[in-house]
Amino acid sequence: MTDLALLAADVRAAIRAGGPATDADFEDLCLAIAGAQGRLREGDADGLDRIEPVPEGAFKLMTVACFPPSEAEAEFRTSGTTTGSPGRHLVRDLRLYRESALAGFDRFVLYPPRPARVVTLIPPGEARPSSSLSRMVSFALECDWALPPLVARDGDSLALDRLLPALRGAGRDGEALVILGTSLDFLTLLEALAAAGEAIRLPAGSRVMHTGGEKASGRELSREALAHRLVAALGIAPEDAVEEFGMTELLSQAYDAPRVTGGGPRRLVPVPWMRSRVLDPGTLAEVPAGATGLVCHYDLANVHTAVAVLTGDLATGAADGFSDVRRAPGAAARGCSSEASDRWTHSRTPTS
Amino acid sequence: MDALPHADELTAALSGLAAWWLSPGPSRDAAVAVVSGSTGWPFPHAAEAVRRAFSPYTPRTIAGIVRAGGGPGPRPGYLLAILAGRVPAVAANAVIRSLAARVPVVLKPSSAEPEFARLLVASVRAVAPVIAPRVALLDLPSSDPRLAQAVRDAPACLAYGSDASVAAVVALRPGLPTLVGAHRESFVLAFADALRDGSAARRLATAVADDVAIYDQSGCLSPHYALVELGGLPPHAFAALLRDEMARAALRVLPAPPSIAEVAGVRMFVEECRALGGLVLPGPAGIPPAVVLLPPGAPARPGPGLRVVQVLPFEGEPDPDALLPRLAGRVQGVAVAGDRSRAHPRAAAAFAAHPAHRPCRACAPGRLQRPPASWPENGVVIERALSGFRP
């Protein structure tokens with residue numbers, strides 16, 4: 001077996017164990033993977049600072065893989081909505097992604113009492129094979145559910161004719177649901193409920209898992225506002241509005257799941273086999289909790305590509321995760337002809 | 001607007017205006033302080049930016065452009081100058097050169113930095129009252145429909161801005177003359193003899209760093225790229241020298257504190273360059289500033305500004321089409337470095353072979369940001385264009 005194959009076995013074992021036993025174990029494994037990937041810096045840095053992270057944009061500019069691309073079992077693509085050009089993440093081992101995604105989902109979303117049924121507003125992987133999120137949904141659908149899963153999706157549209165009866169039925173029958181959707185999907189659902197003048201009361205134990213996806217939709221809604229409206233419209237507890245944070249470039253996720261991550265301010269906490277550090281963009285030194293910087297994820301499941309991914313997301317650091325994620329708007333405009341954001345063409349040329 | 005004064009009176013008024021901005025004093029310093037607050041540049045940097053806006057305009061050079069602008073051709077009733085960016089020279093040039101052509105001027109302040117235009121108009125009223133009736137301010141927000149109407153009505157327009165903004169201006173005034181200043185950038189072309197030894201290379205690096213530092217690389221004459229011929233000091237050694245000299249320049253021309261989002265943008269840029277095989281040399285306290293040495297043959301990437309320079313090695317004759325493909329038709333200035341007798345013919349041959357990269361201004365390194373009074377910004381000599389106006 002190659003070094004990476006051996007390391008992948010270690011990662012799989014760590015996932016099955018609920019994460020590396022200690023921070024030092026995590027660091028050792030992460031450094032071993034980075035070394036095998038050729039991404040350790042020379043010099044006197046310590047710990048995770050020894051790893052040279054791969055910028056998120058590299059997935060758009062080049063093939064990021066420590067294996068022949070022909071051996072990829074899947075190819076996930078970014079939408080390119082933010083930059084205009086798509087990126088790709090070649091997945092060498094889909095089973096590893098499945099284990100990572102499902103273990104995180106189980107821990108942060110399927111906390112007790114386990115819901116009886118899953119309803120997804122997100123198309124499953126068969127419909128969108130290049131979407132890492134859709135693939136994750138497919139994994140979730142394959143879990144052991146007391147009631148048959150419902151895919152409330154017809155092509156690009158929500159299948160409201162199936163979704164709304166299912167929601168009403170759950171309220172009537174007392175069978176708790178978990179509903180998976182992007183922010184945009186949930187916004188569509190909220191609008192449908194509002195149009196019908198209907199409020200659903202889902203049974204206790206029900207929850208939603210919402211994830212990004214509002215970018216470039218023209219219907220942006222803050223995470224907080226979305227969660228607040230979901231709580232009101234579906235009759236769930238605020239703690240049961242779970243946010244999932246994932247990226248095409250990662251095989252692990254972070255969650256804002258208060259029933260799992262405990263009290264304090266709401267924040268995204270990575271699965272135990274991933275660390276998310278908030279770094280000073282000027283120096284790449286980790287910022288103290290409460291300060292803002294660029295988020296860098298150290299995902300052991302990325303054993304075959306880039307174990308450390310520096311994102312273009314600005315966020316506020318927390319002791320065990322991060323919050324207030326937003327895209328870095330980029331560097332300053334330049335040139336004598338550069339303009340402020342309120343350039344006067346805006347009235348005629350709306351930005352997407 | 002009234003007719004303009006006689007040439008001598010005009011020269012005196014414009015000279016007085018330039019002198020006021022070039023002479024430290026309570027009123028001038030208060031104006032510079034406002035520019036400092038508006039741009040984020042520390043006071044000495046803002047003062048230097050203002051100085052560079054007016055230092056080309058000595059009484060002698062003003063007399064010259066007043067003569068050049070005094071031709072017998074018909075003139076537009078006035079010029080509407082739509083400003084952009086943060087560089088004070090843009091507004092100063094529009095006022096002085098338009099008036100030199102005997103054309104009154106209306107300034108629409110830059111939305112990125114609106115204060116200098118306001119201060120300039122106020123200073124005209126205060127120190128050059130004879131021309132005050134010929135200088136006005138159109139201080140409207142970009143979304144105000146009266147601005148669009150003013151663009152339609154203006155007999156002549158000088159439009160700076162993004163490509164989209166300039167295109168919108170042109171579209172509003174079909175058939176009417178519009179001098180455009182859309183996005184342009186500058187670069188350094190260094191032949192091997194400019195890097196023949198360490199001291200020559202350091203002189204070059206110092207000069208380039210000076211051109212980069214002023215306005216925090218936000219001017220169209222700010223170099224973002226240095227094309228460096230192989231055969232002299234190795235490119236990585238020159239990149240290190242340039243990094244060091246940019247650090248020194250940051251002590252002479254203090255930068256505006258960048259926002260965290262701006263630094264994040266620079267970070268993502270340099271890390272992407274590193275991933276593509278580039279060598280990243282950050283400043284002593286991190287980025288920005290930074291010098292990025294790209295692998296041989298790799299084309300430049302859209303730079304983030306904020307004092308980030310890409311060094312691109314080349315061998316043989318320079319091929320700006322290949323190394324700077326995005327700059328086709330968008331080169332404002334080129335600083336040519338090397339022995340004059342050899343470098344200039346080679347540069348001329350390169351631009352003849354690659355006309356899309358022919359610059360509006362060519363000069364020595366360190367001179368890019370010190371253009372003469374009558375330079376052809378965007379390929380146009382304003383006072384000549386206006387005095388040769390055809391309605």
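Domain bounds are taken from an automatic or database domain assignment. For chain B, that assignment gives domain 1 (7-183 + 372-387) and domain 2 (185-359). The structure is a predicted model, in which local features need pLDDT of at least 70 and side-chain atom pairs count only at pLDDT 80 or more, while totals for chains, interfaces and linings use all residues. Residues are numbered from 1 along each chain as its sequence is written, and chains are lettered from A and ligands numbered from 1 in the order in which they are written.

**Confidence**

- The model has an ipTM of 0.89 and a pTM of 0.92.
- In chain B the mean pLDDT (the predictor's confidence in each residue, from 0 to 100) is 95, and 98% of the residues score at least 70.
- Chain A has a mean pLDDT of 90, with 89% of its residues at 70 or more.
- Two stretches of chain A stay under 50 in pLDDT: residues 331-335 and residues 339-352.
- Contacts (C-beta atoms, placed from the backbone, within 7 Å) beyond four places in sequence number 21 for residues 331-335 of chain A and 30 for residues 339-352 of chain A.
- Where pLDDT is low, the predicted coordinates should not be read in detail.

**The two domains of chain B**

- The centres of domain 1 and domain 2 of chain B, taken over C-alpha atoms, are 29 Å apart.
- Domain 1 of chain B brings 13 residues to the contact, and domain 2 of chain B brings nine residues.
- Helices (H or I, at least four residues) and strands (E, at least two) are DSSP runs, numbered from the N terminus.
- Helix α3 (residues 43-54) of chain B supplies five residues, the largest share of the side of domain 1 that touches domain 2.
- That side of domain 1 of chain B has five nonpolar, five polar and three charged residues, where Ala, Val, Leu, Ile, Met, Phe, Trp, Tyr, Cys and Pro count as nonpolar, Asp, Glu, Lys and Arg as charged, and the others, Gly among them, as polar.

- Two strands pair if DSSP finds at least two bridges between them.
- Strands β1 (residues 79-82) and β2 (residues 105-108) of chain B run parallel and are joined by four bridges, with B:L79 opposite B:V105.

**Helices α5 and α6 of chain B**

- The axes of α5 (residues 88-100) and α6 (residues 115-127) of chain B come within 9 Å and cross at roughly 35°.
- B:P88, B:A91, B:A92 and B:V95 of α5(B) meet B:F116, B:A117 and B:L120 of α6(B).
- By class, this contact has seven nonpolar, no polar and no charged residues.

**The seven-stranded sheet of chain B**

- Seven strands of chain B form an open sheet in the order β8-β9-β10-β7-β6-β11-β12, with mixed pairing.
- At its edges stand β8 (279-283) and β12 (361-363) of chain B, each with a single partner strand, so one side of each is left without a neighbour in the sheet.
- On average, neighbouring strands of this sheet are turned by 20° against each other, direction ignored.
- Five bridges connect the parallel strands β7 (residues 223-229) and β10 (residues 308-314) of chain B, where B:L227 stands opposite B:L312.
- Helix α9 (residues 198-213) of chain B packs on the sheet through β6 (185-190), β7, β10 and β11 (331-337), and its direction makes about 160° with that of β7(B).

**Backbone details**

- The peptide bond from B:I287 to B:P288 is cis, with omega near -20°, and the bond from B:P288 to B:P289 is cis with omega near 10°.

Methods
Axes fitted to C-alpha atoms, helices over the stretch in contact; angles between N-to-C directions.
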